[in-house]
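Hi,

Here is the structure I promised to pass on. Have a look first, and my notes on it follow below.

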Amino acid sequence: MMMIALSPSLQSFPPIESSHKFSFQKAPAFHNADECNSPTFGKLCVCDPSLVHVAITLDVEYLRGSIAAVNSILQHSKCPESIFFHFLVSETTLETLVRATFPELKFEFYYFDPEKVRGLISSSVRQELEQPLNYARNYLADLLEPCVRRVIYLDSDLVLVDDISKLWSTSLGKKAIGAPEYCHANFTKYFTGYFWSDSRFSGVFSRRNPCYFNTGVMVIDLGKWRRFGYTRRIEKWMEIQKTSPTRIYELGSLPPFLLLFAGHVAPIEHRWNQHGLGGDNVRGSCRELHPGPVSLLHWSGSGKPWLRLDSKQPCPLDSLWSPYDLYGHTT
């Protein structure tokens, strides 16, 4: 549920410097409530079954958003010490900054080699969508420890205003992923006319009822993902897109997920992805919240709240992101 008004204010700490000339305030301390489960093995390790696993990418361009996302998760969790963060990176120099900003955080860095996908990426409507790290989510099952059998993947441009354990406890049934679905959306627009005109491609949806879902918030069963080889199947669709004489889709890393999973997604309440707050992929115009309760605010689209706040031209909803911003100043 929406708890913005109850979120604690940031404490005043000296800024933490980094090699990238960013500075962040030290996050407020966080502790588990008395009713939280104790570590199964005495001392917490990544394989402890009592942990909630969260994966987020970290890069310089979106670092401010990622730090705010982590801060929001901790602020609204009853058991913040029981959350393990898996940070996907293409450079390893950010670890000191993260450790200084969140001294008590349980996390690990996982290096994702950009060259693994650079040859598979097609041009998109926004240059940001072509960055190799956007595709790291495809490789979570390979990057994370085999003992990690479930993970919540989150984009860097969002904040939670509810306890992430509620999202973690979502039942996936026999499905490999869970996400809020949007069946009212025009599904055909995510693929080209060439795709729909060729039954070799469009036939993939012939026995499904596909709905759009946003890949910025997903609960993933990594055991099923590994068992059915979804990483390689995503790569195959990217290869088809790259080698086809005419494009079959336009929008970055999303369409391969739709091709594999649309119609086979465990539905999650819409409150867990109030997406589109960054406007469209070109203008980044202001948006309003969708009707209904809110547990997660997501600035998908081209407009990011930290950039609009810094430019003194924020949208009204950007004020809901700012309480979690730990950014200090550039040196």
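Among contacts (heavy atoms within 4.5 Å) between residues at least 6 apart in sequence, 71% join residues at least 24 apart. Buried residues (under 20% relative accessible area with a 1.4 Å probe, protein chains only) make up 55% of the 331 residues.

Before going on: this is a predicted model, where local features need pLDDT of at least 70 and side-chain atom pairs count only at pLDDT 80 or more, while totals for chains, interfaces and linings use all residues. Numbering starts from 1 along each chain as its sequence is written, and side-chain values use heavy atoms, leaving out hydrogens and water.

The protein has 11 helices and 13 strands, taken as DSSP runs numbered from the N terminus (H or I, at least four residues, for helices; E, at least two, for strands).

Now the cores, meaning sets of buried Ala, Val, Leu, Ile, Met, Phe, Trp, Tyr and Cys residues joined through side-chain atoms within 4.5 Å. The largest has 50 residues, and F261 is among those with the most contacts inside it. Helix α10 gives the most to this core, with six residues. Apart from it lies another core of 41 residues, including F87 and W272.

Back to F261: leaving aside residues up to four places away in sequence, it touches A176, I177, R208, F213, W225 and Y230.

Finally, α9 (residues 230-243) packs on α10 (residues 254-261) at about 120°, with the axes 9 Å apart; axes are lines fitted to C-alpha atoms over the stretch in contact, and angles run from 0 to 180 degrees between N-to-C directions.

Cheers
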